[in-house]
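The following exercises concern a single protein chain. Please inspect the sequence and the structure before reading the solutions.

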Amino acid sequence: MSLHHAMMGYERKEPVLPAMAAGATNAAATVLPFRLERQVSHLLRRAHQRASSLFADQFASMNLTPTQFAILAKLHERREVSQNHLGRMTAMDPATVQGVIRRLLARDLIAQRDDPNDRRRVLISLTDSGYAVIEDALPRARKISELVVDSLRIEEREQLVRLLRKIAD
């Protein structure tokens, strides 16, 4: 069964969600049997596995991890940003973003400097090499996004993005 079919509940007549039958008044008496294929967390994990596999295929020759790509993509969009803000924008905790920054600095893909207005802040930006890498990476990332949702109609793709944003926030 494809992920798309599993998410849409095509293989079975029972609903993907909710766990209780529609219109039920007594929750204990109407809980549907547990089916792994209906569980949001399971379906998200499977979708993540597919996206991760596509990422690995597309980025193997570039030696970039998803977190490194996220940092470079956000810097491409924002030009220069504090390390703390960069972590928040890419949903990385401070320890993770620090490690990613360290590895990207070692590869000369980013540069850092003290914020002239606040010595406690470090500003991060792309180097020329980093800019070249992200320019090569962006079409690959677009291709991954397209492949992940290739079985969905345009309206479904837009709805999926809206719903994922809602869940992620």
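Helices (H or I, at least four residues) and strands (E, at least two) are DSSP runs, numbered from the N terminus. The model is predicted, so local features need pLDDT of at least 70 and side-chain atom pairs pLDDT 80 or more, whereas totals for chains, interfaces and linings use all residues. Residues are numbered from 1 along each chain as its sequence is written, and side-chain values use heavy atoms, without hydrogens and water.

**Exercise 1.** Determine how Phe 55 and Phe 59 are arranged.

*Solution.* Step 1: Phe 55 and Phe 59 are four residues apart in helix 3, which means a separation of about one helical turn. Step 2: rings of Phe, Tyr and Trp (its six-membered ring) pair if their centres lie within 6.5 Å; planes under 30 degrees apart are stacked, over 60 edge-to-face, and the rest tilted. Step 3: the centres of Phe 55 and Phe 59 lie 4.2 Å apart with 10° between the planes, a stacked pair.

**Exercise 2.** Classify the pair of Phe 55 and Phe 69.

*Solution.* Step 1: the ring centres of Phe 55 and Phe 69 are 6.3 Å apart and the planes stand at 70°, so this pair is edge-to-face. Step 2: Phe 69 belongs to helix 4 (residues 66–78), 14 residues from Phe 55, and the pair links distant parts of the chain. Step 3: Phe 55 and Phe 69 are both buried. Step 4: ring pairs join Phe 55, Phe 59 and Phe 69 into a cluster.

Conventions: Buried means under 20% relative accessible area, exposed over 50%, partly exposed in between (1.4 Å probe, protein chains only).
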